[in-house]
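Subject: Structure handover

Hello,

Here is the structure I promised to pass on. Please open it alongside this email.

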Amino acid sequence: MKVSILTLFPEIMEGYFCSSIMAKAVDRGLFSYRLINFREFATDKHRTCDDAPYGGGAGMVLKPEPLAKALEFVGTGGKRVVFPSPSGRLFRQSMAEEFSREEELVIICGRYEGLDQRIIDSYVDDEVCVGDYVLSSGEVAAMVIIDAVYRLREGIISAESLEEESFSDGLLEYPHYTRPEIFDGEKVPEILLSGHHEKIHEWRTRQRLEKTLANRPELLKNRNLDDGEKRILKELTRKQGNQGGENP
Ligand code: SAH
């Protein structure tokens, strides 16, 4: 997979591509990236990339010409062009999966108030919001998108790890423990030391349901629960109901 990123501040992202699992993916040729500073495509003496908005209002807007030239340089034919923006569709695991099936992505990092709308109209396939909050830069959002996407490509991390993750099957993940067995007086749950795989699985399922019910109950609506899960969920909601009764 290849990703071209158009940015005014490539240095924000450089360290990301040179570290950890991403660096290994790049080394092994499983992922490649190109950081393009579109300021280099501005033609005036000061290489201006922003200007005041037509119609008035606060802030500056990214000018269309340098971005259009940078996009022509990259070549957008057959490539999915993504613009991280608070006005976009909400980024979810399902969208990350969709993007991971592309061979090439182009990402435009916004700044200031955003891009001239004509760039969006002419070049952008997906406007993507990474969460209901406003960041000051598209670079941070682009890294969120890239990070969620590239790790789904084959050979980057184990298929088994992906299967058991939060969101992959509509439930949040169970808690993890590693050595030492006792830390700060707190012991690892006994069941995890038992070697009893079936019971461990049931305990983890219970934990996942409990966490999802507490933090993201809306996720449960989209999941087909099996009989065991239904039974656990019933118990948990009953317990919750009882606790609610005690603390009106
Ligand atoms: N005026 C805009 C905010 C611009 S923030 C508005 O009110 O909607 C500057 C840039 O940061 C944006 O162009 C976008 O690229 C990026 N950005 C900020 N918040 C984001 C979010 N939640 N998701 C994706 N990108 C975001």
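Below is what turned up, starting with the ligand. Please keep in mind that this is a predicted model.

**Ligand site**

The ligand is surrounded by 20 residues. Pro84, Glu113, Val130, Tyr133 and Leu135 are the closest. By class, eleven residues of this shell are nonpolar, seven are polar and two are charged.

Which backbone atoms come up to the ligand? Look at Tyr133 to begin with: one of its polar backbone atoms is 2.7 Å from a ligand nitrogen. At Gly110, a backbone N or O atom lies 3.2 Å from a ligand oxygen. Gly138 also places a backbone N or O atom by a ligand oxygen, at 3.4 Å. On its own, the ligand has 560 Å² of accessible area, and the protein covers 86% of that.

Which one gives the most? Strand S5 does, with four residues.

**Aromatic residues**

There are six aromatic pairs in the structure. Take Tyr16 and Phe17: their ring centres are 5.1 Å apart and their planes sit at 65°, so this pair is edge-to-face. The cut-off for that label is over 60 degrees. Tyr16 and Phe17 are both buried. Ring pairs also join Tyr16 and Phe17 with Phe31, Tyr33 and Tyr150 in a cluster.

Helix H2 covers residues 20–27, and its buried residues are Met22, Ala23 and Ala25. Why do these count as lying on the same side? They cover an arc of only 160° around the axis, which puts them on one side of H2. Ser20, Lys24 and Asp27 are on the other side, and they are exposed.

Val3 is in strand S1 (residues 2–7). Its relative accessible area is 1%. Buried means under 20%, so Val3 counts as buried. Val3 and Arg80 are 77 residues apart in sequence, yet 9.7 Å apart in space, C-alpha to C-alpha.

Thr205 is in helix H8 (residues 197–215). Thr205 has a relative accessible area of 11%, so it is buried too. A polar atom of the Thr205 side chain lies 2.8 Å from the backbone oxygen of His201.

**Backbone points to check by eye**

- The peptide bond from Arg179 to Pro180 is cis, with omega near 5°. Pro180 is in the loop between helix H7 (159–163) and strand S8 (182–183).
- Arg47 is not a glycine, but it has a positive phi of about 50°. Arg47 sits in the loop between strand S2 (32–37) and strand S3 (50–51). Its relative accessibility is 38%, so Arg47 counts as partly exposed.
- Tyr112 is another residue other than glycine with a positive phi, here near 55°. Its loop runs between strand S6 (104–108) and helix H5 (117–123). Tyr112 is partly exposed, at 40% relative accessible area.

When you locate any of these, count residues from 1 along the chain as its sequence is written.

Best wishes

Conventions
Predicted model: local features only at pLDDT ≥ 70, side-chain atom pairs only at ≥ 80, totals over all residues. Heavy atoms only, no water. Phe/Tyr/Trp six-rings, centres within 6.5 Å; stacked < 30°, edge-to-face > 60°. Buried < 20%, exposed > 50% of the residue type's maximum accessible area, 1.4 Å probe, protein only. Near = heavy atom within 4 Å. Polar contact = N/O pair within 3.5 Å; in protein donor to acceptor, adjacent residues only side chain to side chain. Areas by Shrake-Rupley, 256 points an atom, 1.4 Å probe, with all protein chains shown as cover. Helix = DSSP H or I, 4+ residues; strand = E, 2+ residues; numbered from the N terminus. Nonpolar A, V, L, I, M, F, W, Y, C, P; charged D, E, K, R; others polar. Arc of directions from axis to C-beta.
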